[in-house]
Amino acid sequence: MSRKTLIIGAGGVGNVVAFKCAMNADVFGEITLASRTVSKCDEIAQNVKAKVGVAIQTKQLDADNVDEMIAYFKELQPNIVINVALPYQDLTIMDACSACGIDYLDTANYEHPDTAKFEYKEQWARDGQFKEADIMGLLGSGFDPGATNIFCAYAQKHYFDEIYTIDILDCNAGDHGYPFATNFNPEINLREVSAKGRYWENGEWVETEPMEIMQVWDYPEVGPKDSYLLYHEEMESLVKHIKGLKRIRFFMTFGQSYLTHMKCLENVGMLGIEEVEHNGCKIVPIQFLKTLLPDPASLGPRTKGKTNIGIYAKGIKDGQEKSVYIYQVKDHEECYAEVMSQGVSYTTGVPAMIGAKLMLEGIWSGKGVFNMEQLDPDPFMEELNKQGLPWEVIEDYKPQ
Ligand code: NDP
């Protein structure tokens, strides 16, 4: 019987996953793209057919509705569900997968629509349910989380006896020409960057004000950029799984114009996640803002420049202190030429496809719920090189 793959979510990332699965159709078999708005699935399917020559099926599906998903999963019987809808749907899709005995993968940890918390607690709590259903759940198989967790696991496996510190360094030097836009779902993106910062040191989380800590990092092929400390979800699992770790931090680059826009929106209440009354209707300010901002999927044809995302680890090998910088550089225009998406969706969608490919091929297997760094990094690193995200390793990096 040939394999079946179900992708849920037809946004920027869903578009890349659909393209890349179609480009690896020998592994993914019959591909279906399901989402809330089926016309978006149909448009992606048409583009995939025109550019890759592979037909994919489409389906209207409400991923907030567990019963609807269970009925559909039983009918379709996919081998894997790739969840690239929003983090709000993680738990409902996980529950439908465990009810039907289908492997699961996502790219972002669960968030409750009413509280901006970023934590794995509720997904990890489904480990027993996944074991009982004899299925695998792979959490956070995007770029960060995702490839960054794998870079840490690769550094641990090949370069260190113990890693003491890790900085995850995320630079998007792309320019889309709009005064203000976000590169992926605006609601998720703005909730993340307007939250308090947090890093982990000597066994404890240290909280900072939003954007309180800044360092300039010299990103290869991009140059020096202001990089701000944020909380980011992969740190929660990495502190559990990286041996000897004493500190882990996450930095992301922002230009002054982005920060000024964001501060202004925040000051006037437009980033609020609570309902407010407006002319007799109830609206959530950040959702209304999403309606006004450019659709991230529309940034593809106009974004120029590069992304550079990596990890800088310091630790000890054979009694000697050393450091390793592992990073990946991607050009936005190259991404658009290949799959009609900008680099942020591309660098998320390709690792999602790779994680699913390794699961379908049985190269990565297990029962229960896993974070990326718990799996062997080598096959994933090989696939990154083959599937459009080649990486570099520099030992004892000295910025130019
Ligand atoms: P988009 O907002 O562009 O797309 C989300 C898609 O999910 C839309 O097609 C939307 O439907 C669909 N959707 C939303 N709710 C439902 C529902 N209840 N049922 C069915 N479909 C639904 O987001 P992105 O593509 O930018 O991001 C997708 C995911 O990737 C997010 O979880 C995001 O956090 C994650 N991400 C991860 C990164 C990483 O490196 N790990 C980086 C960037 C993103 P509709 O079209 O009707 O709105």
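Start at Pro 145, where a backbone N or O atom lies 3.1 Å from a nitrogen atom of the ligand. I call that a polar contact, meaning a pair of N or O atoms within 3.5 Å. This is a predicted model: local features need pLDDT of at least 70, side-chain atom pairs count only at pLDDT 80 or more, and totals for chains, interfaces and linings use all residues. Residues are numbered from 1 along each chain as its sequence is written, and side-chain values use heavy atoms, with hydrogens and water left out.

At Gly 12, a polar backbone atom is 3.2 Å from an oxygen atom of the ligand. On its own the ligand exposes 940 Å², and the protein buries 94% of that; areas are Shrake-Rupley values with a 1.4 Å probe.

Now the fold. An open sheet of 7 strands runs in the order β3-β2-β1-β4-β5-β6-β17, with parallel pairing. Strands are DSSP runs of E, at least two residues, and helices are runs of H or I, at least four; two strands pair if DSSP finds at least two bridges between them. At the edges sit β3 (57-60) and β17 (368-371), each pairing on one side only.

Finally, β4 (residues 80-83) and β5 (residues 103-106) pair over 4 bridges, and Asn 83 has Asp 106 of β5 as its bridge partner.

Note on methods. Polar contact = N/O pair within 3.5 Å; in protein donor to acceptor, adjacent residues only side chain to side chain.
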